[in-house]
Amino acid sequence: MKALLRIFRPSRKLALIIGGSALLAGVSGGAAVYVGKDRLLGDEESADGVACTDVNLVTIKKQDHVWVRKYIKTEPVDGMTRIKTALRVAQAVYEAQKPDLVQVVVLDENGPTLRSDIRGRAIGADVVYIAHPDKMVEGLDDKPYTARYYDGKASEQGLFYGERIELPDDRIAALNASLKDPADCIDPVAVASTKKESKPEAKEPEEPSAEEQAAKDAAAPGEAASAEAPPAKSGH
C-alpha cells in the first residue's frame with residue numbers, strides 16, 4: 001500500500017494521505033481549520049453545485065485497486081459551492097466506473113491545467129470518496145468521505161486565498177445526501193467531436209433528369225428557343 005501512495009501523488013508537495021482519511025494535501029503555508037455546522041449552513045440554493053469542465057483524469061491500477069483522480073474547473077464560486085460540485089462529480093464517477101477510490105480536485109477557470117502546476121493554492125477544493133474503506137487499508141476508519149476547501153475567492157491567476165477549511169463528517173454526509181442530480185462535468189473534447197459530426201455537409205446541386213429538363217423546356221418554350229438560337233446576323 002505504501003507503494004500505492006507513492007505513485008498516486010502528482011508532486012513532492014502534493015500527497016494523498018490515507019490513514020484515517022484520504023485527502024489531497026496541498027502545501028499552502030497554513031493549517032486546516034476544522035469548523036462546525038453553524039459556519040457551513042449558507043448557500044443552500046445550489047444543492048448540486050455548478051456546471052464544470054473536465055481538465056484531466058488519472059486512473060491508477062495497482063495491487064487489485066483502482067484509484068481515479070479527476071481534475072475539473074468551474075467559474076468563480078464560493079468554497080461550499082466548489083465542495084458540492086466535487087461531491088456531485090465524485091458520485092457520478094463512482095456510478096460510472098465503480099473504482100475503489102475517487103478524488104475530485106476543483107480548480108478555478110483561470111487556474112493551471114498542467115498537473116505539475118496543480119498544487120497548493122491552485123486547488124480550490126477537493127473531495128475523496130472511498131466506497132469501502134475497510135477494503136483499502138487494514139485498520140482504516142469507516143470514513144468514506146473527506147473534503148476541504150479554501151474559503152476565499154480565486155485571483156486572476158486562479159490561485160485561492162483565505163483559510164483552508166476541513167469539513168466535519170456529519171456536514172459532508174448532509175451535503176452528499178442533499179444532492180439531487182449526480183451529473184458529471186462537460187468533456188470539451190467530446191463536445192467538440194459531437195459538434196463536428198453533427199455539422200451538415202454542403203451538398204452539390206443535383207443535375208436534373210432528362211424528363212425534368214424536358215418538362216421545364218416545355219413549360220417555357222420561348223426561353224428555351226432564345227437560349228438555343230444563334231444570334232441574328234447584322235445586315236451591315
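The model is a predicted one, in which local features need pLDDT of at least 70 and side-chain atom pairs count only at pLDDT 80 or more, while totals for chains, interfaces and linings use all residues. Residues are numbered from 1 along each chain as its sequence is written, and side-chain values use heavy atoms, with hydrogens and water left out.

With a disulfide taken as a pair of cysteine sulfur atoms within 2.5 Å, the count comes to one disulfide, which joins cysteine 52 to cysteine 185 at an S to S distance of 1.9 Å. The two cysteines are 133 residues apart and so link distant parts of the chain, cysteine 52 lying in the loop between β3 (32-34) and β4 (53-62) and cysteine 185 in the loop between α4 (169-178) and α5 (188-198); helices (H or I, at least four residues) and strands (E, at least two) are DSSP runs, numbered from the N terminus. Because the torsion about the S-S bond is about -95°, the disulfide is left-handed. Cysteine 52 is buried, with a relative accessible area of 3%, and cysteine 185 is buried as well, at 10%, where buried means under 20% relative accessible area, exposed over 50% and partly exposed in between (1.4 Å probe, protein chains only).

The aromatic side chains give two pairs, under the rule that rings of Phe, Tyr and Trp (its six-membered ring) pair if their centres lie within 6.5 Å, with planes under 30 degrees apart counted as stacked, over 60 as edge-to-face and the rest as tilted.

Helix α2 is mostly covered, with 16 of its 19 residues buried. Aspartate 78 caps the N-terminal end of α2, a side-chain oxygen lying 3.1 Å from the backbone nitrogen of methionine 80. Just after α2, lysine 98 takes a positive phi of about 55°.

How values were computed
A polar contact is a pair of N or O atoms within 3.5 Å; within protein, one must be able to donate a hydrogen and the other to accept it, and residues adjacent in sequence count only if both atoms are side-chain atoms.
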